[in-house]
Amino acid sequence: MINTISYWDGNSTSGSHIMLVPKNLESDFSEFYREDCFDSSPSHVYFLADSSLANEDVDFAMSVLSKKYQCNLNSNQKLLELILRHNQNSIYPGFSRGLDNFTIKGYLNSSVYTSFKKLFERFNDLAEIIDLCFPHAHGVNWLESPLSITVDNASAISLSPYGLSIIEKVYYEKIEKIKSLFEGYASLKVADKLFFISAYFFSRTELLLAQKDPTQATVFMHRAVETLLIAWLVDEQMLTINSDGEVVGDKYNYLKDYMNMSKPVRSFTDKEVDTITRLNELRNECKFAHGYVYLKIDDAREVLDSLKNLFEQEEKISSLLLSFRSITNFNENFLDLIYSYLLENRHLVKL
């Protein structure tokens, strides 16, 4: 059954499953309700604050409730649709551009817009920090240095939850996940640092593919696989990293060399061997390595899908991947956030 929704005008006796009532008509509505004047009894009643009675605010509140309760309301609520469309994305630099120069009318609309614009702008900063300032700053010994994100950007990722709206707290929660994920890096063994960095490179690959940037995604995938292979070899004491953070011995080993060296301790399917070879070819052909071309997204995605198991089945990486994804992806439901925000700030009061 499809739910119905209506905005009460103070006189109508037509009932609906969901009713939105202006706060200044609360006593009138209560009398109608007590006297059983409605032709059908509402299942949920919300009062809309006196400050939020502009047409644009009524439309926004009706649209939120309609989506929450799956009503049959036809609405062209552009702000709500734009925010919910971002819910399908991952965090990336430039994330907030969709809300720039958006014309806002109404107190409720302005309040929601301001909170989400702050949230998205902070996501921009967070994405740029993760993108540009990780793993290590230029000129340092990666083996001995803490992650640059925890040093150079300490102020950018320090935030108190006090005074933040329920919407803005989403950013704070992601910052806490970053701190939890990164704080133990400096004390890790060499192999575990390599596993950590490999997980980061792979998560960047996923994010770049989501942004439809197959060329950079392929470069990061190449780094992820190569770092994973080196991590395996160091973990098995088949390779040694010196105090300068360099592989001891032959300095001219490349991706396929590390794969062949790993075969005695790690099994590869024929498809994985072929895909790693293909990955190496694609990386060499692209404009960021030795070639001149921009790669096709289907080629990059095929490589990622074929090699994903190498990472997800490695116990030292799988949990790290989940942590990275929880930072860069949205597990939060923006519609639920907006609904809770409207209640928290008493734009809506539920009967």
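## Helix α8, end to end

How far apart are the end C-alpha atoms of helix α8, and what span should its 22 residues have? In this predicted model, helix α8 runs over residues 214–235. At 1.5 Å a residue, its 22 residues should span 32 Å, and the end C-alpha atoms are 31 Å apart, which agrees.

Is helix α8 largely enclosed or largely open? Of its 22 residues, 18 are buried, so the helix is largely enclosed by the rest of the structure. Just after α8 comes Q237, which takes a positive phi of about 60°.

An α-helix has 3.6 residues a turn, so residues three or four places apart point the same way.

The two partners can also be compared by how open they are. R223 has a relative accessibility of 34% and counts as partly exposed. E226, with a relative accessible area of 15%, is buried because it falls under the 20% cut-off.

How many salt bridges does the structure hold? There are 12 salt bridges in the structure. One of them joins R278 and E281, whose closest N and O atoms are 3.8 Å apart. These two residues sit in helix α10 (residues 270–285), and being 3 residues apart, they are separated by about one helical turn. R278 counts as partly exposed at 32% relative accessibility, and E281 is partly exposed too, with a relative accessible area of 38%.

Another salt bridge links E312 with R325, where the closest N and O atoms are 3.1 Å apart. E312 belongs to helix α11 (residues 297–312) and R325 to helix α12 (residues 315–328), so the pair ties together parts that are 13 residues apart in sequence. At 33% relative accessibility, E312 counts as partly exposed, whereas R325 is buried, with a relative accessible area of 18%. Elsewhere, a network of salt bridges links D192, D235 and K316.

## A negative patch on the surface

Which residues gather in a patch of negative charge on the surface? The members are D28, E31, E35 and D36. D28 lies in helix α1, which covers residues 26–34. With a relative accessible area of 35%, D28 is partly exposed.

D36, another member of the patch, is found in the loop between α1 and β3 (44–48). D36 counts as exposed, because its relative accessibility of 62% is over the 50% cut-off.

## Two backbone angles worth a look

Most residues other than glycine have a negative phi. D36 has a positive phi of about 55° although it is not a glycine. R346 is not a glycine either, and its phi is positive at about 60°.

Where does R346 sit? Its place is the loop between α13 (334–344) and β4 (348–350). R346 counts as exposed, with 54% relative accessibility.

## Distances in sequence and in space

F47 is found in strand β3 and is buried, with a relative accessible area of 2%. F47 and K23 are 24 residues apart in sequence, and their C-alpha atoms are 5.1 Å apart in space.

Is L321 buried or exposed? Its relative accessible area is 0%, so L321 is buried. From L321 to E35, the separation is 286 residues in sequence and 59 Å in space, C-alpha to C-alpha. E35 is one of the residues in the negative patch described above.

Methods
Residues numbered from 1 in each chain as written. Predicted model: local features only at pLDDT ≥ 70, side-chain atom pairs only at ≥ 80, totals over all residues. Heavy atoms only, no water. Patch = residues over 30% accessible without salt bridge, like charges linked within 9 Å, V, L, I, M, F, W, Y side chains within 5 Å. Areas by Shrake-Rupley, 256 points an atom, 1.4 Å probe, with all protein chains shown as cover. Salt bridge = Lys/Arg side-chain N within 4 Å of Asp/Glu carboxyl O. Lys, Arg positive; Asp, Glu negative; His and termini not counted. Charge placed at Lys NZ, Arg CZ, Asp CG, Glu CD. Helix = DSSP H or I, 4+ residues; strand = E, 2+ residues; numbered from the N terminus. Buried < 20%, exposed > 50% of the residue type's maximum accessible area, 1.4 Å probe, protein only. Expected span 1.5 Å × (residues − 1).
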